[in-house]
Amino acid sequence: MKPIKSNAGSLNRRSFLKAGTLGGTATALAAAVGLGHAPANQGTPLLAEPSPTPTAEAEAQHHHGSDPSGSVGEIAPTAFDPSAFLEAFDQGVVTSENGRTVRTWKVLALNKDIEVAPGVWFPAWTYNEQVPGPTFRARAGDLVRFDFFNATPHPHTIHFHGFHPPSMDGVSPMVEPGNTFLYEFEAQPFGLHLYHCHVMPLKRHIHKGLYGAFLIDPPEARPPAREMVMVMNAFDTNLDGENEVYAVNTVAFHYMKHPIRVRVGEPLRIYLVNLTEFDLVNSFHLHASMFRLYRTGTQLEHFEFTDTVTMGQGERHVLEFSLDHPGQYMFHAHQSEFAELGWMGLFEAVEA
Ligand SMILES: [Cu+2]
């Protein structure tokens, strides 16, 4: 489906936020992303309409702080569920060949409109009908096979990070519409990697949604912990070369509305991947605690102990921590603008 062009004139999120005449994150998000479209069969957008002049209420919010929960309403129940994605690891179909573990996945490229904030739709290009694509998980030394079929009108590939023969690198051949390609290589080295399309123009092919996390476990498993995947991403809903909606795992403010429930003291491990296009860096900041940082996850000794990590495009890290008091712990991009446009959430620690 062709995206509907904005009729909002020169309004974009940066000039809008700079103007700063409207208070309240929800209003700001609505105005900044009101350029997204709803497919004809998807009903009426649920976002509040931005008011042309500041209301007394908006002014009050602007001056006295606003509810940071963000967007208004909920995404459709049938839409991609970031809460489920968080802990969904796709280990493939497992077989054995000559005593070696073989993992096979079917990967489909398909165009699909996705809801990135309540009522805000984005014409995505997807792997397996979701953005991010599935979190593929293998163990170091496994033989992995990705049986790729391109069911879209554009050429695409899958470029995996990590070791593999150049012929399996996902740069060429381009997989033309209706064609298939079998990527096959040994999963190495252990760590947190990623995959994405590598067809030009690259930032468009990635930004449209063709990306995901690729996790290779070490031969001896990491210590037990509750594990989650967070893919930092963003959406240029009016195709002006800037993002209007920011998130971790696609839906703006999802984890503000649906805090991630954990137990007090429970060991937590976050696999954090930065797949934000158009902005050179993104970051993760945790309130009221600190985490051990494993750069790229390729070593088992931690690199740093911190509460904030800043990552360039394509960088990824493993974060380990626990939350030792009951209550809500905020996390968000430390680029405040990204946080206000959706990249903000909560852990809620409860006594066991
Ligand atoms: Cu592509």
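Mentor: Happy to! Let us start with a term: two strands pair if DSSP finds at least two bridges between them. Keep in mind as well that this is a predicted model.

With that term in hand, look for an open sheet of six strands, in which the order runs S12-S11-S14-S19-S16-S17 and the pairing is mixed. Strand S12 (245–248) and strand S17 (304–306) are at the edges; each has a single partner strand, so one side of each is left without a neighbour in the sheet. On average, neighbouring strands here are turned by 25° against each other, if direction is ignored. Now zoom in on one edge. Strand S16, residues 291–295, pairs with S17 in the antiparallel sense, over three bridges. Within that pairing, Arg 292 is the residue opposite Phe 305 in S17.

Arg 292 leads us to the charged side chains you asked about. Side chains of opposite charge can pair when their charged atoms come close. The structure holds 16 salt bridges. Arg 292 belongs to a network of them, in which it is linked with Arg 137, Asp 217, Glu 227, Arg 269 and Glu 320.

Arg 137 and Asp 217 form a salt bridge, with the closest N and O atoms 2.8 Å apart. This pair links distant parts of the chain: Arg 137 sits in strand S5 (residues 135–139) and Asp 217 in strand S10 (residues 211–217), 80 residues apart. Are these two buried or exposed? For that you need one cut-off: buried means under 20% relative accessible area. Arg 137 has 9% relative accessibility, so it counts as buried. Asp 217, at 10%, counts as buried too.

Now compare another salt bridge, the one between Arg 145 and Glu 184, where N to O is 2.7 Å. Arg 145 is in strand S6 (residues 143–150) and Glu 184 is in strand S8, so the pair ties together parts that are 39 residues apart in sequence. Arg 145 is buried, with a relative accessible area of 17%, whereas Glu 184 counts as partly exposed at 31% relative accessibility.

Glu 186 forms a salt bridge with Arg 100, and their closest N and O atoms are 2.7 Å apart. Glu 186 lies in strand S8 (residues 180–186) and Arg 100 in strand S3 (residues 100–117), so parts that are 86 residues apart in sequence are tied together. Glu 186 is partly exposed, with a relative accessible area of 37%, and Arg 100 counts as partly exposed at 30%.

Finally, step back to the whole chain. Its secondary structure comes to seven helices and 21 strands. Of its 352 residues, 51% are buried. Among the contacts with a separation of 6 or more, 74% are between residues 24 or more positions apart. The accessible surface comes to about 14,800 Å², and 55% of that belongs to carbon and sulfur atoms.

Methods. Residues are numbered from 1 along each chain as its sequence is written. This is a predicted model: local features need pLDDT of at least 70, side-chain atom pairs count only at pLDDT 80 or more; totals for chains, interfaces and linings use all residues. Side-chain values use heavy atoms; hydrogens and water are left out. Helices (H or I, at least four residues) and strands (E, at least two) are DSSP runs, numbered from the N terminus. Axes are lines fitted to C-alpha atoms, for helices over the stretch in contact, and angles run from 0 to 180 degrees between N-to-C directions. Buried means under 20% relative accessible area, exposed over 50%, partly exposed in between (1.4 Å probe, protein chains only). Contact means heavy atoms within 4.5 Å. Accessible areas come from the Shrake-Rupley method with a 1.4 Å probe; for residues, only the protein chains shown count as cover. A salt bridge is a side-chain nitrogen of Lys or Arg within 4 Å of a carboxyl oxygen of Asp or Glu.
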